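This report describes a two-part reading of one model, from overall chain dimensions down to single residues. The sequence and coordinates are shown below.

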Amino acid sequence: MQKKGYVSFVLHAHLPFIHHPESDDYLEESWLYEAISETYIPLLKVFKSLVDEGVNFRITMSMTPPLLSMLDNELLHKKYIHYLEQLIELSEKEIKRTAYDKKLNELAHYYYDRYSSDLHLFRDVFKCNLIEQFKHFQDIGVLEIITCGATHGYFPILYVTEETVRAQIAVGVQTYEKYFGRKPRGIWLPECGYVPEADKYLKEFGIDYAIVESHGILYADPTPIYGTCAPIVSPGGLVCFGRDMKSSQQVWSSIDGYPGDFNYREFYRDIGYEADYDYIKPYIAHNGVRVHTGIKYYRITGKTDQKDYYNVQWAHDSAERQAGHFLDSRTEQIKNVADYMKVPPIILCPYDAELYGHWWYEGPYWLYILFKKIYYDDCNFELITPSEYIDKYPNIQVASPCRSSWGANGYSGVWLNPTNDYAHRHLHKAGDRMVELATSYPNAEGTIKDALNQAARELLLAQSSDWLFIITNGTMVDYAKKRIKEHIGRFTKLYYQIKSNKIDKAFLKNIQLKDCVFPEIDYHIYKKL
Amino acid sequence: MPTKTKEINEKNNKKTNKVATTKTTVKPKTSSKGTAKKKDTAKKAVAKKAEKKVTAKKTTVKKTTTTAKKATVKKASTKKVTARKSTAKKAATTRKATGKTKKQEQFVDIVEYYDLPYRYNETVVKILYQTPNTLFVYWDISDKDRENYIKQYGENFFNITRPVLIIHNITMNYSFEVPIDDFANSWYLHINDSKCDYKVELGRRPNYYNEEATKEIQENINTDYIYVSSSNEIETPNDHVLFSTNENNTIKFRNIKNNDEKTISLVDFVRSLPALKEKRDIPIISEEIFQAVYSGIYKDEDINFFERLSNPSSGGLATSNMSSSRSALF
């Protein structure tokens with residue numbers, strides 16, 4: 001079949017910076033471990049299999065600076081290994097416990113193998129360096145990694161002090177360069193939060209393109225003639241790709257989205273909640289509260305509480321069927337759309353990376369099958385990265401994208417509403433103070449310089465959109481509120497200590513160890529524009 | 001450590017919500033003013049002392065009952081996000097209580113205690129957009145400015161005047177006013193026109209609530225309006241497909257490699273598209289031209305979808321941390 005267009009997958013890999021050397025008791029740290037085991041390692045395995053099998057594919061991933069910092073943190077490596085050892089121990093016990101039931105016992109073996117393999121890969125093969133693994137696939141040309149705001153700060157809230165947006169971009173780009181040895185061409189705007197004010201800073205730091213929500217393109221001015229099927233370029237020179245609605249729906253939809261297939265693994269049935277309490281106690285929260293362990297034996301089955309055992313083969317069958325459906329849908333879509341265009345359409349499919357594997361357990365396998373099908377089957381499109389697309393088709397319609405985000409209802413309501421709006425004046429004030437400090441200490445040295453750099457880290461950490469999101473979402477609210485308070489508190493304390501030239505060195509040392517993100521940060525980035 | 005007597009601690013500040021009174025207001029948020037002034041210094045002193053002691057552990061442990069927890073877990077098989085979420089939340093906050101000795105050898109922690117300052121004691125008005133039709137505004141008046149008003153207009157100035165917000169739509173050149181109250185320090189404002197530049201002004205108007213006040217106003221204030229401060233200027237987002245073109249019904253393309261720009265008539269451009277080449281009745285009004293193309297590109301979509309575009313991952317879950325993916329399908 002003649003090739004008529006392109007599909008571009010963009011997976012946004014992000015977790016907020018969570019690092020607590022002071023305690024083992026923060027469950028929030030396990031977000032990282034779950035994501036490594038269920039998403040990042042499975043994706044790396046998919047890439048490797050495809051490469052080994054000679055399948056030509058393209059995929060784009062944003063890896064955010066806080067995620068990179070955590071993947072590069074020795075303490076977190078140790079804790080992850082401990083997490084795996086615990087799970088391996090538990091699955092060994094499970095193998096014994098489930099000896100009475102063949103099907104269940106097979107699943108216990110499956111988990112034992114899976115976690116053992118993770119440990120072997122992570123510790124012995126990858127030498128704890130997952131970043132290097134992703135970099136490898138970028139270096140051989142199948143993966144394009146893009147950057148993000150330094151701590152996922154939401155631009156439509158921060159831009160009232162433009163220096164803080166510029167710093168988010170600058171540190172995002174610097175962190176990327178540190179780990180990947182080149183400049184990023186693209187950026188995942190935190191929460192796809194687009195404001196035209198950021199264009200000039202994105203261009204300043206060499207960013208060619210950004211990903212925006214569908215109406216970022218559709219509501220642009222003037223109206224883009226190709227809708228979301230081609231990028232637009234802002235007057236300031238930033239190319240913007242819009243999310244395709246149809247393909248998003250097929251994956252995300254709560255009614256008929258792929259992850260709801262009855263053969264897929266049921267996320268909520270976990271032995272952490274179901275096993276005998278004394279038996280499971282060593283593997284749940286330290287204070288005895290039941291939590292997810294990662295060992296789950298059931299499939300979704302249907303709209304029923306009577307769940308059947310998970311069957312890996314059946315789940316794979318479903319994934320294969322759905323990959324075929326996705327392929328046919330895109331083929332049909334591109335066939336139709338291409339007639340209305342003078343350039344080949346690009347169907348951009350952005351998702352949370354953690355959707356694949358963590359939430360949708362079979363997601364990585366689905367991707368693997370889909371990419372093979374695209375390569376081997378007779379379809380009318382190829383995979384492409386946004387960079388390759390704009391290099392091939394540099395004639396782009398000029399239009400100003402619409403201020404937008406990918407949050408509920410498409411604007412700022414998720415990150416600004418009565419549950420979290422108390423925080424914004426503090427974020428703004430701290431931002432203004434940081435600009436004041438950077439401007440009035442142009443040549444700081446020694447302890448003052450260290451304190452200024454730490455103040456910049458504290459500000460950045462306070463700005464994570466994650467805290468505001470979590471408060472809105474109603475989960476882990478106390479933790480999110482605590483983080484905002486702590487970072488604003490530490491920042492404010494440093495601000496006064498710097499201004500009075502009385503730095504408490506023990507305090508500074510302590511928070512440098514805790515909030516050790518961006519070791520190379522240079523506070524000058526906040527100098528008044 | 002410098003004391004921050006001016007940044008008043010948030011702690012004693014009780015928030016109460018008031019119901020919106022006018023059509024233009026959405027949800028006012030209120031807070032008390034000027035009460036908890038001394039608290040901060042006291043607390044800081046304590047915190048400082050505590051730092052010196054190098055004790056290892058924070059003591060704010062949240063109490064949760066495992067029994068309550070188990071009750072929620074029972075429901076785990078029914079697909080109720082709410083039940084499960086609360087479970088996860090409790091788990092996260094409770095894990096602190098035990099196992100505290102192990103890490104201390106490696107990491108000597110200091111005790112930190114923070115509260116957000118209640119205010120920064122500066123005169124400020126800031127606005128953000130929440131949606132194309134809602135602005136969020138927060139403000140404060142510094143003690144110094146308050147004193148100045150009192151010097152100028154008398155001791156009762158803040159009792160015989162009331163605050164107002166004046167919303168200026170700069171693009172369309174109109175303004176409207178929303179009365180607010182002194183218990184609030186932020187507000188949500190409904191605005192009718194999207195994709196416009198806005199600025200919000202904080203001011204005060206005489207409040208003739210009784211004869212005595214009226215008399216005092218006549219004697220001391222003698223004006224209808226007192227300006228306090230103005231906000232930053234922002235543009236609100238667009239909320240629909242504009243079906244607009246560049247000048248003279250053209251569209252513009254830029255070669256991003258060399259920045260060459262080319263302007264093409266929309267009609268000519270559309271006539272050369274494969275799907276429309278053969279068509280005779282291509283419209284000439286640009287809005288209709290766009291609709292002809294969009295109804296082709298988005299042929300399976302509901303024709304009204306441009307007006308109520310929402311993304312499929314919406315519902316508060318369209319971000320990227322784990323819990324969002326968790327709730328994504330419910």
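## Basis and secondary structure

Helices (H or I, at least four residues) and strands (E, at least two) are DSSP runs, numbered from the N terminus. On that basis the secondary structure of chain A comes to 20 helices and 10 strands.

The model is predicted, so that local features need pLDDT of at least 70 and side-chain atom pairs count only at pLDDT 80 or more, while totals for chains, interfaces and linings use all residues. Residues are numbered from 1 along each chain as its sequence is written, and chains are lettered from A and ligands numbered from 1 in the order in which they are written.

## Dimensions of chain A

The radius of gyration, taken over C-alpha atoms, is compared with a globule rule of 2.2 Å times the number of residues to the power 0.38. For 529 residues a compact globule would have a value near 24 Å, and chain A agrees with this because its radius of gyration is 24 Å. Along the principal axes, the C-alpha trace of chain A spans about 70 × 65 × 45 Å.

A residue is buried if 20 or more other C-beta atoms, placed from the backbone, lie within 10 Å of its own, exposed if 12 or fewer, and partly exposed in between. Of the 529 residues of chain A, 60% count as buried. Two residues are in contact if their C-beta atoms, placed from the backbone, lie within 7 Å; among contacts in chain A between residues at least 6 apart in sequence, 77% join residues at least 24 apart.

## Nonpolar cores

A nonpolar core is a set of buried Ala, Val, Leu, Ile, Met, Phe, Trp, Tyr and Cys residues joined through C-beta atoms within 7 Å. The largest one has 216 residues, and Ala210(A), Ala455(A) and Val137(B) have the most contacts inside it. Helix H1 (residues 30–52) of chain A gives the most to this core, with 12 residues.

Apart from its neighbours within four places in sequence, Val137(B) is in contact with residues including Val125(B), Ile127(B), Leu165(B) and Trp187(B). A second, separate core of five residues includes Tyr153(B), Phe157(B), Ile160(B) and Ile217(B).

## Local features of chain A

H7(A) is followed by Gly181(A), whose phi is positive, near 65°.

Asp24(A) lies in the loop between strand E1 (5–13) and H1 of chain A, and counts as partly exposed because it has 17 C-beta neighbours inside 10 Å.
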